Amino acid sequence: MGTEEHDNRFNRIFREKFGSFESEPPAEAWEAIRKKLPVGIPSAGQGAGWADWLGRLWPKHKLYPALAVLALLLVVVLIWVSRKETHNLSGTAYVEGKALCRGTAFLFRVHDTHRPLDSVSFVGKTEVDTSGRFSFRRLPSAKYLIRILTPPDGGYRPRFQFGYSGDQLCWDMSELISLVGDLENYIVNIPELIPRQ
Amino acid sequence: MDSEKELIDRCLNRDPKAQESLYSKYASRMFGICLRYAGDGMEAQDMLQEGFIRAFRYLKDYRFEGSFEGWLQRVFVNTAINIKRKGLKFQSEDSTDEKARQIDTCEDAISKLSQQELMQMIRELPTGYRMVFNLFVIEGFSHKEIGKLLGISESTSKSQLWCAKRSLRMRILKNGYGDGRTR
């Protein structure tokens, strides 16, 4: 059975198991819902009032000064952010002990270390050079993940495709990099995606 | 269908008994959907509550085209997405060789597991994996559609699904349900 057939069978089994899955909710659930439902017979056109209310609250002639204030605030925030202390993060990517020749490095910032998997945001990407070197500059102090992608025509694939900081294959097991100063020699070893039998 | 139409019409007129009848008819099925998307029982109850409130609010938009259960199911799936999307972040991914991502799956072991055991494994998945897994495998959305629903790229959706299946497979193997190979 090919891998696509395995995948289709896997999907079909789950769909059959959960296609009609039911579970009795707690007895008090309906009461909580009922209290939040509107009562009384609805009148014609009810529900359009909120649009009128919004229009009265925010008339168009007051919109432009508000936008100008917002733009000014944005400029102030950008100036403040750019003057914060920043650091550099650079390192080398390896495949089977040898420096990776070209590729792409991706940087992600972790916002909540208690929920790292659900709080990651993409920061940027950079090229990995022929000596496996990559570098990210002017980063604020924070926790980060790195992902290295091998080049499609470098002879690395399909065995070696990508790797995360901590030499991991999946980001949920990757190592968080706590950046509080310049970090110059961070090493990522790209693991094997398809192990030899 | 007429009796259901009559029930819906009475709900539109805010008949409390009709609303309770509608709830009683579909609550178990919709709670099952909420349990698949929620991280725990409390969150599932919140989803159930919000889902039914939305359903009653937008009941006037149901045009009696297709089954009402199907319409209600879409309301609940959208509710789950809206609730979970608020705190959900995905990394962006470049597309990778799809064939290299395919791995053997332990379907025989999975087919022997009960719904409760599988449900527990799904709920233990990280939120991002669980969302994509539910939408692709069980609801049947394509990766392109999932990308639009969750605001992610198609390749991110594919990699999330791959990691979800890998994680499920590891849990099954770890619990000794199979060796991951088909007969």
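In which strand of chain A does A:S90 lie? A:S90 lies in strand β1, residues 86–95 of chain A. Helices (H or I, at least four residues) and strands (E, at least two) are DSSP runs, numbered from the N terminus.

Before I go on, some ground rules. This is a predicted model, in which local features need pLDDT of at least 70 and side-chain atom pairs count only at pLDDT 80 or more, while totals for chains, interfaces and linings use all residues. Residues are numbered from 1 along each chain as its sequence is written, chains are lettered from A and ligands numbered from 1 in the order in which they are written, and side-chain values use heavy atoms, with hydrogens and water left out.

Back to the serine. A:S90 counts as buried because its relative accessible area is 4%; buried means under 20%, exposed over 50%, and partly exposed in between, with a 1.4 Å probe and protein chains only. Leaving aside residues up to four places away in sequence, A:S90 touches A:R133, A:F134, A:S135, A:L183, A:E184, A:N185 and A:Y186. Contact here means heavy atoms within 4.5 Å. With A:E184 there is also a polar contact of 3.0 Å between the side chains. A polar contact is a pair of N or O atoms within 3.5 Å; within protein, one must be able to donate a hydrogen and the other to accept it, and residues adjacent in sequence count only if both atoms are side-chain atoms.

Now a residue from another strand. A:K125 is in strand β4, residues 120–128 of chain A. Is A:K125 buried or exposed? Its relative accessibility is 53%, so A:K125 counts as exposed. Not counting residues up to four places away in sequence, A:K125 touches A:T104, A:A105, A:F106 and A:F136. Between the C-alpha atoms of A:K125 and A:I146, which are 21 residues apart along the chain, the separation is 9.5 Å.

Next, the nonpolar cores. A nonpolar core is a set of buried Ala, Val, Leu, Ile, Met, Phe, Trp, Tyr and Cys residues joined through side-chain atoms within 4.5 Å. The largest one has 78 residues, and those with the most contacts inside it are A:F14, B:L48, B:F52, B:F68 and B:F133. Its largest share, eleven residues, comes from helix α2 (residues 16–37) of chain B. Apart from this core lies another, of 21 residues, among them A:L89, A:F136, A:I146 and A:I190. As background, nonpolar side chains tend to be buried together in soluble globular proteins.

Which residues of chain A does B:L48 touch? They are A:P25, A:A29 and A:I33, and from chain B its contacts include B:Y23, B:F31 and B:F76, not counting residues up to four places away in sequence.

Last, charges. How many salt bridges does the structure hold? Over all chains there are twelve, a salt bridge being a side-chain nitrogen of Lys or Arg within 4 Å of a carboxyl oxygen of Asp or Glu. One joins B:E69 and B:R29, with the closest N and O atoms 3.1 Å apart. This pair links distant parts of the chain, 40 residues apart: B:E69 is in helix α4 (residues 68–85) and B:R29 in helix α2, both of chain B. B:E69 is partly exposed, at 29% relative accessible area, whereas B:R29 is buried, at 10%.

B:D9 and B:K5 form a salt bridge too, at 3.2 Å between the closest N and O atoms. Both lie in helix α1 (residues 2–12) of chain B, four residues apart, about one turn of the helix. In chain A, salt bridges link A:E96, A:R159 and A:E192 in a network.
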